[in-house]
Amino acid sequence: MNWAGSLRRELSQRAEHYARSHGLPHCLSYGRSPTVCFESYGDSHHGNFLPFTYRAILRNPNWRRRLQKVHSLSRKSLPRYENGVRRELDACTSSDALLMNVFCYPGVLKDGRLSSMLDGTPGTIPNFGFRARVPLATGKFDRTEVDMRLGDLLIEAKLTESDFQRGPKTAVRAYRDFNEVFEDEGLPQSAKDYRSYQLIRNVLAAYASGCAFCVLTDARRPELIEDWYAVMKCVHPVGLRLRCKVLTWQELAKALPTRLGTFLREEYGINDARP
């Protein structure tokens, strides 16, 4: 089953209903199965974010820069936007937008429920698009981007992305700690590539920095969870393995404020899904 395509269609249908019922400016992408791209309006509103969250994002320079990521398919797949350039986080299928909706919501990390679920410290400020340093055997570093750093926790967020990408074996084996961290033969791979390259790279980033690592994905994407366990079973250091985890958005929703949970249920169907 095409789990990614199924979730993409569901989210698009939900987002279109959400936009129409709330009178939010938006457009539909071209094609047989269109997706919804929301638009900003007024001075501090955006259809893809709760008003409280969006205003908090605009007040934080680091968070606000994350909004500027240009939608890579805007010219080919979306109608022209009279008020400017369409952005990646405008899309209803954006995992970055979902991540920011949760972690930028005012006070969400102060009451301790969400921080406790992530084994973090209450009040920690998220850093989005964090450039982690993964050591290479040459002594240099690969500055890989991690979706979010929360204290000593690195987080990779997924929603409708097809997989965790592939990486050439020559590039992956060039990482300094690869053989120390992974049991090579057990990793998912082909003759030339390792599958789930993002997971391998981010686990190496966590190892080098002494951080923990968490994948956030949707319960409606069981194949991504299987990909996670296929990589994690090959991690040698026990301490590192214990610092790595996978959580679903549905599990996270249990620790969120009511207003935020209602929004996630209405736009994303998160509380409606079951593993």
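The axes of helix α1 (residues 3-22) and helix α13 (residues 258-268) come within 7 Å and cross at roughly 115°. That makes α1 roughly perpendicular to α13 (65 to 115 degrees; under 35 counts as roughly parallel, over 145 as roughly antiparallel, the rest as oblique). The model is predicted, with local features needing pLDDT of at least 70, side-chain atom pairs counting only at pLDDT 80 or more, and totals for chains, interfaces and linings using all residues. Residues are numbered from 1 along each chain as its sequence is written, and side-chain values use heavy atoms, with hydrogens and water left out.

- Helices (H or I, at least four residues) and strands (E, at least two) are DSSP runs numbered from the N terminus.
- Axes are lines fitted to C-alpha atoms, for helices over the stretch in contact, and angles run from 0 to 180 degrees between N-to-C directions.
- Leu11, Arg14, Ala15, Tyr18, Ser21 and His22 in α1 meet Phe263, Arg265, Glu266, Glu267 and Tyr268 in α13, where contact means heavy atoms within 4.5 Å.
- This contact divides into 5 nonpolar, 2 polar and 4 charged residues.
- Ala, Val, Leu, Ile, Met, Phe, Trp, Tyr, Cys and Pro count as nonpolar, Asp, Glu, Lys and Arg as charged, and the others, Gly among them, as polar.

**α5 and α13**

- The axes of α5 and α13 are 10 Å apart, at an angle of about 160°.
- The two helices are therefore roughly antiparallel to each other.
- Their crossing is right-handed (the near helix is turned clockwise from the far one by less than a right angle; anticlockwise is left-handed).
- Ala97, Leu98, Asn101 and Val102 of α5 make the contact with Leu260, Phe263, Leu264 and Tyr268 of α13.
- By class, that contact has 7 nonpolar, 1 polar and no charged residues.

**α9 and α10**

- α9 and helix α10 (residues 222-232) have axes that come within 10 Å and cross at roughly 50°.
- That makes α9 oblique to α10.
- On the α9 side the contact involves Leu199, Ile200 and Val203, and on the α10 side Asp227, Trp228, Val231 and Met232.
- Of these residues, 6 are nonpolar, none polar and 1 charged.

**Largest pocket**

- The largest pocket is lined by 32 residues, of which Glu88, Thr93, Ser94, Thr160 and Glu161 lie nearest its centre.
- Elements giving two or more residues to this lining are β2 (36-38), α5 (95-103), β6 (141-150), β7 (153-157) and α9 (197-209).
- A pocket is an open set of points on a 1 Å grid over the protein atoms alone, where a 1.4 Å probe fits, with protein on both sides within 12 Å along at least five of seven lines; lining residues have an atom within 4 Å of a point.
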